[in-house]
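Student: Before we look at any values, could you take me through this structure slowly, and set each label against its definition as we go?

Tutor: Gladly; here it is.

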Amino acid sequence: MTAERERECATIELMIGLFCRDQHASRAGLCPACVTLAGYARQRLEKCPFQEDKPTCAQCPIHCYKPACREQIKEVMRYAGPRLLWRRPVQAIRHLLHDRRPPPPLPVRRGRPGTPEPGSG
């Protein structure tokens with residue numbers, strides 16, 4: 001994983017940590033639900049079809065999170081985003097600047113073997 005992706009993973013894990021500590025009163029690490037959410041978020045980042053051109057999730061035209069996880073991560077970001085400015089201002093500002101980049105065009109989708117390419121039939 002590149003430095004940009006690692007930084008994005010670190011940011012989301014930090015946000016989940018802030019949320020868990022304050023909302024779930026978890027003092028010794030993440031609670032089991034937040035551990036699951038952090039693992040899911042990392043997995044989604046690793047499998048992003050945009051790869052290095054990945055926009056922030058709020059700007060992304062593809063919603064790759066399952067609906068339940070998407071609601072959870074939105075709740076985490078709504079809570080932790082503003083607090084991140086006070087706790088980790090440099091990381092928060094980097095995230096905000098990254099959020100201002102326009103989303104890239106959708107990646108070309110590769111078809112499954114045996115299915116015709118779009119426009120070929």
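Tutor: Of the 121 residues of the protein, 30% count as buried, where buried means under 20% relative accessible area, exposed over 50%, and partly exposed in between, with a 1.4 Å probe and protein chains only. This is a predicted model, in which local features need pLDDT of at least 70 and side-chain atom pairs count only at pLDDT 80 or more, while totals for chains, interfaces and linings use all residues. Residues are numbered from 1 along each chain as its sequence is written, and side-chain values use heavy atoms, with hydrogens and water left out.

Student: How many helices and strands does the protein have?

Tutor: The protein has 4 helices and 0 strands, and from the N terminus on its elements run α-α-α-α. Helices (H or I, at least four residues) and strands (E, at least two) are DSSP runs, numbered from the N terminus.

Student: Why are helix 1 and helix 2 called roughly antiparallel?

Tutor: The axes of helix 1 (residues 3-23) and helix 2 (residues 32-46) come within 10 Å and cross at roughly 160°. Axes are lines fitted to C-alpha atoms, for helices over the stretch in contact, and angles run from 0 to 180 degrees between N-to-C directions. Angles under 35 degrees count as roughly parallel, over 145 as roughly antiparallel, 65 to 115 as roughly perpendicular, and the rest as oblique. Helix 1 and helix 2 are therefore roughly antiparallel to each other. The residues of their contact divide into 10 nonpolar, no polar and 6 charged, where Ala, Val, Leu, Ile, Met, Phe, Trp, Tyr, Cys and Pro count as nonpolar, Asp, Glu, Lys and Arg as charged, and the others, Gly among them, as polar.

Student: Which residues meet in that contact of helix 1 with helix 2?

Tutor: Among them are Cys9, Ile12 and Phe19 in helix 1, and Leu37, Ala41 and Leu45 in helix 2; contact means heavy atoms within 4.5 Å.

Student: What makes helix 1 roughly perpendicular to helix 3?

Tutor: Helix 1 and helix 3 pack at an angle of about 95°, with their axes 8 Å apart, and that angle makes helix 1 roughly perpendicular to helix 3. By class, this contact has 12 nonpolar, 3 polar and 5 charged residues. Thr11, Leu14, Met15 and Leu18 are among the residues that helix 1 brings to it, and Leu84 is one of those in helix 3.

Student: How do you know whether leucine 84 is buried or exposed?

Tutor: Leucine 84 lies in helix 3 (residues 67-87), and because its relative accessibility is 1%, leucine 84 counts as buried. Not counting residues up to four places away in sequence, leucine 84 touches Thr11, Leu14, Met15, Leu18, Pro89 and Ala92. Leucine 84 and threonine 11 are 73 residues apart in sequence and 9.1 Å apart in space, C-alpha to C-alpha.

Student: Why is glutamine 91 called buried?

Tutor: Glutamine 91 is found in helix 4 (residues 89-99), and its relative accessible area is 15%, so glutamine 91 is buried. Leaving aside neighbours within four places in sequence, glutamine 91 is in contact with Arg7, Ala10, Thr11 and Leu14.

Student: What makes lysine 47 exposed?

Tutor: Lysine 47, found in the loop between helix 2 and helix 3, has a relative accessible area of 54%, and therefore lysine 47 is exposed. Lysine 47 and cysteine 64 are 17 residues apart in sequence and 9.2 Å apart in space, C-alpha to C-alpha.
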